[in-house]
Amino acid sequence: MDELTFADADGVQIFVRRWMPDGECRGHHRARASEHSGRYARVAEVLFKEDYAVYALDLRGHGRTAESTGRGRLGPSGVKGVLDDIAEVIRMAAGDVGDRPLVLFGHSMGSLFAQAFVEQREHDLAAYALSGAMGPMDGMDELAAGMREAADAGMADEHLNMLGDFNAAFEPARTKDDWLSRDPDEVDKYVADPLCGEDLPLTYGYIAGMMETLAATMEPEGIARTPKHLRVLLLTGEEDPVSNGGAQVRELEKSLREVGLAVTAKYYPGARHEVLNETNRDEVHRDLISWLDRVTEG
C-alpha cells in the first residue's frame with residue numbers, strides 16, 4: 001500500500017491510499033462522513049488479491065486530508081472541490097492502469113458524492129457502486145435550506161454532530177454507534193479511532209453543501225443525467241437507519257432503472273450501515289467481486 005498526496009488550486013492537500021498489484025491489474029476507486037479511508041483497508045486488500053488496483057481518498061474534512069482543510073470543513077472550493085478530487089484520483093488511476101475499466105465506489109456520504117460525480121462530470125468510468133447510500137428523502141430541500149441559512153448567518157464553521165439519531169432504533173445499545181454494524185469489534189474500532197465519529201463532526205457549512213448536493217442529485221432531473229452506459233451496484237443493509245432500512249435505496253434503485261440504467265441491487269437482512277464491515281462481510285465481498293468481474297471483463 002502506498003500513501004500519496006496531491007494539491008488542488010487552493011493548495012489543499014488531498015491524501016490517497018493506493019493498493020497496486022504487480023502485473024496486469026484492474027482499476028477501482030472508493031471514496032463516508034466522520035471517518036477515513038483507512039477503515040476500509042480490509043476490503044481494499046480483498047480486491048488487491050483479486051488483481052484490482054484500489055485508490056481510496058480521505059474526503060475533505062476527513063482523515064489526513066483534514067490536516068489541510070480543517071476537521072469537518074470542506075475548504076475553499078466546497079463541494080466542487082470534492083468532485084474535483086474524485087476526478088483527480090480517477091485520472092491518477094487511469095494513468096496507472098492504462099485502458100483497464102475504471103469503477104467508482106462510494107460509501108455513505110461518499111455514495112452521495114459518487115452519484116453527484118457521475119451526473120455532473122465528464123468521465124471514462126465503466127460502472128459505479130454505492131454502499132450505505134441514503135437515497136432520496138422527503139423534505140431534503142427544506143433541510144438543506146435551513147442548514148444553508150444557519151451557515152450563512154455565521155455558523156458555517158461551527159460543528160454539528162448529526163450521527164446520534166441513527167442509534168435510536170438499536171436502544172438499549174452497548175454503544176452510541178451500534179447502528180454501524182452488528183460486529184462489536186468493528187464498532188469498538190470506530191469508537192476508539194480519533195479520526196471517526198464524534199471526534200470528527202462536520203460543520204454547518206459542510207452539511208449544508210452535502211444536503212444541497214443530495215437534494216439536487218436525487219431529483220428526477222439529476223438521476224436522468226446519469227450516463228446510460230454505466231452499470232450500477234447498490235449494497236444496502238436492511239437495518240441501515242441512514243436509508244430507513246433500505247427503503248430509500250429501493251426508491252433510488254427504481255429511479256435509476258426507470259431512466260434505463262442496468263442496476264444490480266443487494267439488500268442484506270439484518271445488516272446495518274457498514275455492510276463492508278458487517279458480520280456477513282465475506283458475503284458482501286463476494287458479491288462485490290462477482291459484480292466487478294462482470295463489469296470489467298465484458
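User: Ser108 first. Buried or exposed?
Analyst: Buried. In this predicted model, Ser108 has a relative accessible area of 14%. The cut-off for buried is under 20%, so Ser108 falls on the buried side.

User: Where is Ser108?
Analyst: Ser108 lies in the loop between strand E5 and helix H4.

User: What about the phi of Ser108?
Analyst: Positive, about 55°, although Ser108 is not a glycine. Most residues other than glycine have a negative phi.

User: Which other non-glycine residue has a positive phi?
Analyst: Asp51 has one, at about 70°. Asp51 sits in the loop between helix H1 (41-49) and strand E4 (52-57).

User: And how accessible is Asp51?
Analyst: Asp51 is partly exposed, at 38% relative accessible area. Ser108, by contrast, is buried at 14%.

User: Back to E5. How many of its residues are buried?
Analyst: Six of six, so strand E5 (residues 102-107) is mostly covered.

User: Which residues point which way?
Analyst: Leu102, Leu104 and Gly106 point one way from E5. Val103, Phe105 and His107 point the other way. Both sets are buried.

User: Which strand does E5 join, and how do the two run?
Analyst: E5 is joined to strand E6 (residues 125-131) by six bridges, and the two run parallel. Gly106 stands opposite Leu130 in E6.

User: How does the chain get from E5 to E6?
Analyst: Through helix H4 (residues 109-120). That β-α-β crossover is right-handed.

User: New topic. How many aromatic pairs are there?
Analyst: One. Phe166 and Trp179 form it. Their ring centres are 4.9 Å apart, with 50° between the planes. That makes the pair tilted.

User: What does the pair tie together?
Analyst: Phe166 and Trp179 both lie in the loop between strand E7 (159-160) and helix H6 (184-192). They are 13 residues apart in sequence, so the pair ties together separate parts of that loop.

User: Is Trp179 buried or exposed?
Analyst: Trp179 counts as buried, because its relative accessibility is 1% and the cut-off is under 20%.

User: What else is in the loop between E7 and H6?
Analyst: Pro172 is found there. A cis peptide bond joins Glu171 and Pro172, with omega about -5°. Most peptide bonds are trans.

User: Where does the charged end of Arg250 sit?
Analyst: Over the ring of Tyr267, 3.8 Å from the ring centre.

User: Now Gln248. Where is that?
Analyst: Gln248 is in helix H9 (residues 247-258). Gln248 is buried, at 12% relative accessible area.

User: Which backbone oxygen lies 2.8 Å from a polar atom of the Gln248 side chain?
Analyst: The one of Met134.

User: What does Gln248 touch?
Analyst: Met134, Gly135, Pro136 and Met137, plus Val242 and Ser243. That leaves out residues up to four places away in sequence.

User: Last one, Asp85. Buried or exposed?
Analyst: Buried, with a relative accessible area of 2%. Asp85 is found in helix H3 (residues 78-97).

User: Which residues is Asp85 in contact with?
Analyst: Phe6, Ile14, Leu57 and Arg60, leaving aside neighbours within four places in sequence.

Notes:
Residues are numbered from 1 along each chain as its sequence is written. This is a predicted model: local features need pLDDT of at least 70, side-chain atom pairs count only at pLDDT 80 or more; totals for chains, interfaces and linings use all residues. Side-chain values use heavy atoms; hydrogens and water are left out. Rings of Phe, Tyr and Trp (its six-membered ring) pair if their centres lie within 6.5 Å; planes under 30 degrees apart count as stacked, over 60 as edge-to-face and the rest as tilted. Helices (H or I, at least four residues) and strands (E, at least two) are DSSP runs, numbered from the N terminus. Buried means under 20% relative accessible area, exposed over 50%, partly exposed in between (1.4 Å probe, protein chains only). A charge sits over a ring if NZ of Lys or CZ of Arg is within 6 Å of the ring centre and within 35 degrees of the ring normal. Two strands pair if DSSP finds at least two bridges between them. A crossover is right-handed if, with the strands pointing away from the viewer, the path from the first strand over the helix to the second runs clockwise. A polar contact is a pair of N or O atoms within 3.5 Å; within protein, one must be able to donate a hydrogen and the other to accept it, and residues adjacent in sequence count only if both atoms are side-chain atoms. Contact means heavy atoms within 4.5 Å.
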